[in-house]
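Please examine the sequence and the structure shown below before reading on.

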Amino acid sequence: MLNNPGLYVHFPWCIKKCPYCDFNSHPLKDDVDQQRYLNSLLEDWQEQITSTFADAKDTQSLDIGFKTVFFGGGTPSLFKPHLMAILLNELPLAPDAEITMEANPGTQEYTDFEEYLSAGINRLSIGAQSFQNSQLEKLGRVHNRDETIAAVAKAKSAGFTNINIDLMWGLPGQSLEDALFDLESAISLSPQHISWYQLTIEAKTEFAKRPPLLPIDGILAEIENAGNVLLASRGYHRYEISAYAKDGAYCHHNINYWSFGDYVGLGAGAHGKVSNARGVLRTQKASQPRLYQNEPRKTSYQTVTKSQLTLEFMMNALRLIDGTDIQTFTEKTGLQWQSIQPQWEALAQQGLVQTNRCSTTELGLRYLDTVLEKFVS
Ligand SMILES: C[S@@+](CC[C@H](N)C(=O)[O-])C[C@H]1O[C@@H](n2cnc3c(N)ncnc32)[C@H](O)[C@@H]1O
Ligand code: SF4
C-alpha cells in the first residue's frame, strides 16, 4: 500500500541550458503554451490516480493528501503562479503540506513571489550556485550575485519563511577561499536550509564535451572538510550528504526519497515510485515536452526486482547521515534484514557501517561507493 506519498511535478524549460546540467530541461521558446502544459499535468494526474491508486487501500492512503509537493525543473518559477494555484487546487493535500518550488534568480519572475505564496507554495529553493560573478559566468548562469541576493530578499519580504539556497562546490578553478566565500555569502542571507553539492561532470553535457579544469583532489578534500566545519559552526546541521538545515528546517520531500518512500511523479520526464500489490514500481513519463503533451496519460511502469531493491534502498538511505533503523529496510523493501546480514557484517568489521542501524560510519560516508558495491548483485 502506498504510504503517504510525496508528489514531484516537473517543469522542463529553462531560459537556457547550463553546461553542467543533465536534468530534463529544454531552452524556453516564446511559444510554450503554459495552459496546455497545465492541462497535460491534470490529465497525467487523472491517469495516475486511476491506475496507480487502483487499489481501494491505496486511495485511502491519499485521503490524508500529499504531505509534500516539490515543483522542480527545469525552472518551475517560469510557470505562472495562477496556473500553479489551479494545479494545487486539484490535488489532495495534507493541511500542513510542505510545498517547495525551485526558483532561479535573474529570470524576472521573482517579482511574483507573493503570488506563488498565495498559490500555496510555502518553501522556496533558490539556485544560487556561486556568489562569484566570474564563476557564475563559467557556469553559464543567467544571473549575477546581486540578483541572487535580491531574489532572497524579495522572497523574504513576500513572506517566505522556509528558504533553501542551492550552492555547488568543486567548481572550475575554485580555491578553498573561493568555496568558503560562497558558503559565507549564502549563510549571511540566513536561509533555513543550504544544499551544498559537489559539481559532477555528467555525461553528454557541455562540460563533458569540453571539460573545465577542476580543483585537484587535495583541494577538494580541504573544501569539503572546511565547508562542513563552517556550516556546523553556523548552526547548519548536516543530515544528508549535501543537505544542511538550521533549526530543524529539513526538506521533508527529500527525506521521503532518502527513506525510500513512495512518490508520484507528474510532468515531462518525471519519475515516480509506488509500492502496491504488484510490488515496488517505478513510473516514468516521456521526457520530451512535445511528446509528453501529446500523450500526457502515457506512463511506463517498471517493477523493481528483488535484487535491485536492496541496492536502491541503500543508495538512498545511506545518504542520510543517521541512515534509517533496521525495520525500515523491511518495511520499505519487503525483504528480511537477514538477507543482507553477511554483507552488512563484513562492512561493519571494516568500520564502514554501524552495527545496530542501517547507517554508515563517518568513514563509510566518505567511501560510500565502496559500501554500495557490496549490494550490487
Ligand atoms: C534541479 S537542479 C536545478 C534547479 C534550478 N533550475 C537551478 O539551476 O537553479 C537542482 C540543483 O542541482 C544542482 N546541480 C545541478 N547539476 C549539477 C551537477 N552537475 N553537479 C552538482 N550539482 C548539480 C544545482 O545546485 C541545482 O540548483
Ligand atoms: S537552470 Fe537549472 S535546470 Fe535549467 S539548465 Fe540550468 S541547472 Fe539545469
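Predicted model: local features only at pLDDT ≥ 70, side-chain atom pairs only at ≥ 80, totals over all residues.

Residues are numbered from 1 along each chain as its sequence is written, chains are lettered from A and ligands numbered from 1 in the order in which they are written, and side-chain values use heavy atoms, with hydrogens and water left out.

Let us begin with ligand 1. Which residues are the closest to ligand 1? Of the 16 residues that surround ligand 1, the closest are G74, Q129, R141, D166 and T200; a residue counts as near a molecule if one of its heavy atoms lies within 4 Å of it. An oxygen atom of ligand 1 is 2.7 Å from an N or O atom in the side chain of Q129, and an oxygen atom of the ligand is 2.8 Å from such an atom in the side chain of R141. The elements β6 (123–129), β7 (163–169) and β8 each give two or more residues to the shell. Strands here are DSSP runs of E with at least two residues, and helices are runs of H or I with at least four, numbered from the N terminus. By type, the shell of ligand 1 divides into five nonpolar, seven polar and four charged residues. In this division, Ala, Val, Leu, Ile, Met, Phe, Trp, Tyr, Cys and Pro count as nonpolar, Asp, Glu, Lys and Arg as charged, and the others, Gly among them, as polar.

T200 deserves a separate look. This residue lies in the loop between β8 (193–198) and α8 (206–209). T200 counts as partly exposed because its relative accessibility is 44%; buried means under 20%, exposed over 50%, and partly exposed in between, with a 1.4 Å probe and protein chains only. T200 and D166 are 34 residues apart in sequence, and their C-alpha atoms are 15 Å apart in space.

We turn to ligand 2. Its surroundings consist of C14, K16, K17, C18, Y20, C21, S25, G73, G74, N104 and R141. This shell comprises four nonpolar, four polar and three charged residues.

C14 is buried, with a relative accessible area of 12%, and C18 counts as buried at 14%. How many disulfides does the structure hold? The number is zero, where a disulfide is a pair of cysteine sulfur atoms within 2.5 Å.

Finally, consider the aromatic residues. The structure holds 20 aromatic pairs, that is, rings of Phe, Tyr and Trp (its six-membered ring) whose centres lie within 6.5 Å; planes under 30 degrees apart count as stacked, over 60 as edge-to-face and the rest as tilted. One of them joins F11 and Y37, a tilted pair at 5.8 Å centre to centre with 55 degrees between the planes. F11 lies in strand β1 (residues 6–11) and Y37 in helix α1 (residues 34–51), so the pair ties together parts that are 26 residues apart in sequence. Both F11 and Y37 are buried. F11, W13, Y37, F71, F79 and Y292 form one aromatic cluster.

Definitions and conventions. Polar contact = N/O pair within 3.5 Å; in protein donor to acceptor, adjacent residues only side chain to side chain.
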